[in-house]
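Q: Could you walk me through this model? I would like to begin with a single loop residue and then move on to the fold as a whole.
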Amino acid sequence: MFVITEGDFKNQIYGDEDYLSNWPMLYILENGKQAYIGESNHVKNRMSQHHNSVDKRIFDKVHFIYSSQFNQSVTFDYESKLIQYIVADELFEVRNKNAGMADKEYCGKKEYDEKFQVLWRKLQREKIVKHSLEELENSDLFKYSPYKELNNDQRAAVEEIIDSLKQEENQTVVVNGMPGSGKTIVAIFLLKYLKDSEEFQDKKIGFVVPQTSLRKTLKGIFKSIYGLKASDILSPSDVTKQFYDILLVDEAHRLHQYKNISYMGAFKASCERIGLTTESDELDWILHQCKCPVLFYDEMQVVGPSGIDVKRFRKKMENEQAKRMMTYYNLLTQMRVRGGNDYIAYVKSILSGNVKEKKTFSNYELKLMTDFKAFNERMYQKEEEVQLVRMAAGYAWDWISKHDKTAYDIEIQGIRKQWNHCTEGWVHSDGAIDEVGCIHSTQGYDLNYAFIIIGSELGYNPDEKKVVVRPENYYDQNGKRTAEYEELKEYIQHIYYVLMTRGILGTYLYVCDPELREYFSQYMDTE
């Protein structure tokens, strides 16, 4: 179905096939280290144009990809796919910009999506690419690529933000979105686009990532992306060291106040560096240190008293409105969880105790398991089938193994587990499959399946028909030290909301509290 031929780009020798002059085709320019991927209806003419381009003179050969079943909708789509996957494959450093990357619908797309797998396997046989599609789709470089195809919500937000930035530097932009709506993807896409754009070449641009774990992951990814650098990724304290034109702030709800944190000395020093007191928070640092902050925020993902809760966030945005232009965008489409927006709403309602009826999701596995041994075995089974399966839990157990590596933190029905041995990059670390992740090691990451233990800090009162919390069973001391009952309940519910929205293909639950397990069993399939 696909014909792949090689041409001599350096000497402009390509062959005499008719389709090289007038047919929709794909091509990959390369020199053994770098590559550029494109499509054209007239590839010979396109090669002549590239040959006259200074930035393409680094290439010496070209691979043409022809199919009698190609039309321009297909080649546009395949061009985007090839860029995404070849970037993640890391055999070549891809020199494309990301302008024009969008999810494209056209007649027969489903069938062509299946045929793309055939093309990829042929590229593997030709040694133009290395890894399988399945391997790449499980990689962080694929998930957080600035070359992701954007949906309509994401595309509209990106285009409007860029147009707005071109017209007005002094503004604040807020992008709201539920888990899995693609906030991080949009932020990374924006950064790459701005870094590539000549209009923004003289601008100081940074990408703020509050979470230590995700920050380390993204630094590693940015090393592999042409035009981006690990130093583009900033911690909140990095922001206090210089002034920026634009700061993109991922997971802004994870920025901290001077409250219930372990680094009060460093926090105070950062405040003093820019002339603020500890009454300010990390969001204040960002607002103070740039002309244009772009804040990606989700009020449902604030998981402790030190976070920027919605009341505090809104108050700051009201103050901002008096100083500079404010614009808001909403990402409304669920991109991670195959259960879609309905599943996200269902998780919210069942954790709040307001669910009215049982729902199932045709393309998503949501199951409650009552036997922990079977729950544990199912996790290993899923890991063998699809990889990227992890167990995670709320803070219902003390972290004993932090100081004693031989100790176990969690024991349920005779099965013993340790908490995550690290938070930075835990999801992809050796041994993670045998451990239990916490909110800090999993928030912001995609899993194929999430196996979530709901600990005994969350329970249910059948008489009052209410979800309750038991603070004595909650072991995050910083998370509860200053929290009132209702506040703590909200944080704990938010933690499980985040954990239950990690799984792309499904979520399996084990619930420790008998009454809560009974309540859940009324509203989901149980084994």
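This is a predicted model: local features need pLDDT of at least 70, side-chain atom pairs count only at pLDDT 80 or more; totals for chains, interfaces and linings use all residues.

Q: Where is Gln12 found?
A: Gln12 sits in the loop that links strand 1 (3-8) with strand 2 (25-30).

Q: And what is the phi of Gln12?
A: Phi of Gln12 is near 60°, which is a positive value in a residue other than glycine. Glu90 also is not a glycine and has a positive phi, of about 65°.

Q: Where is the place of Glu90, then?
A: Glu90 belongs to the loop between helix 2 (72-89) and strand 5 (93-94). With a relative accessible area of 48%, Glu90 is partly exposed, since exposed would require over 50%.

Q: Let us step back. How many helices and strands are in the chain?
A: The chain contains 17 helices and 21 strands. Its radius of gyration is 25 Å, close to the 24 Å given by the globule rule for 527 residues, so the chain is as compact as a globular protein of that length.

Q: What does the C-alpha trace span along its principal axes?
A: The span is about 80 × 55 × 45 Å. Of the 527 residues, 57% count as buried. Among contacts with a separation of 6 or more, 74% are accounted for by residues 24 or more positions apart.

Q: What about the surface and the charges?
A: The chain exposes about 22500 Å², of which carbon and sulfur atoms supply 45%. There are 69 positive and 81 negative side chains, and the centres of these two sets lie 2 Å apart.

Q: Turning to sheets: what is the order of the open sheet of six strands?
A: The order is 16-13-17-20-12-21, and the pairing is parallel. Strand 16 (436-437) and strand 21 (525-526) are the edge strands, each pairing on one side only.

Q: How many bridges are there between strand 17 and strand 20?
A: Seven bridges pair strand 17 (residues 447-454) with strand 20 (residues 503-511) in the parallel sense.

Q: Is strand 20 mostly covered or mostly open?
A: Strand 20 is mostly covered, with eight of its nine residues buried.

Q: How many of the residues of strand 9 are buried?
A: Six of the six residues of strand 9 (residues 244-249) are buried, so this strand is largely enclosed by the rest of the structure.

Q: Which strands does it pair with?
A: Strand 7 and strand 9 pair in the parallel sense over four bridges. Strand 9 is also joined by five bridges to strand 10 (residues 290-297), again running parallel.

Q: Which residue of strand 9 is the bridge partner of Val208?
A: That partner is Val249. Val249 in turn has Leu295 as its bridge partner in strand 10.

Q: Now a helix. Which residues of helix 8 are buried?
A: In helix 8 (residues 212-222), the buried residues are Ser213, Leu214, Arg215, Thr217, Leu218, Ile221 and Phe222. An α-helix has 3.6 residues a turn, so residues three or four places apart point the same way.

Q: What covers the buried residues of helix 8?
A: The cover includes helix 5 (140-143), helix 7 (183-196), strand 7 (205-208), strand 8 (233-234) and helix 14 (439-442).

Q: Back to loops. Where does Leu388 lie?
A: Leu388 lies in the loop between helix 13 (372-386) and strand 13 (389-393). Its relative accessibility is 4%, so Leu388 counts as buried.

Q: What does Leu388 touch?
A: Beyond residues up to four places away in sequence, Leu388 touches Asn138, Lys143, Glu383, Val427, His428, Asp446, Leu447, Asn448 and Tyr449. Leu388 and Asn448 are 60 residues apart along the chain, and their C-alpha atoms are separated by 5.5 Å.

Key
Residues are numbered from 1 along each chain as its sequence is written. Side-chain values use heavy atoms; hydrogens and water are left out. Helices (H or I, at least four residues) and strands (E, at least two) are DSSP runs, numbered from the N terminus. The radius of gyration is taken over C-alpha atoms; the globule rule is 2.2 Å times the number of residues to the power 0.38. Buried means under 20% relative accessible area, exposed over 50%, partly exposed in between (1.4 Å probe, protein chains only). Contact means heavy atoms within 4.5 Å. Accessible areas come from the Shrake-Rupley method with a 1.4 Å probe; for residues, only the protein chains shown count as cover. Lys and Arg count as positive and Asp and Glu as negative; His and the chain ends are not counted. The place of a charge is taken as NZ of Lys, CZ of Arg, CG of Asp or CD of Glu. Two strands pair if DSSP finds at least two bridges between them.
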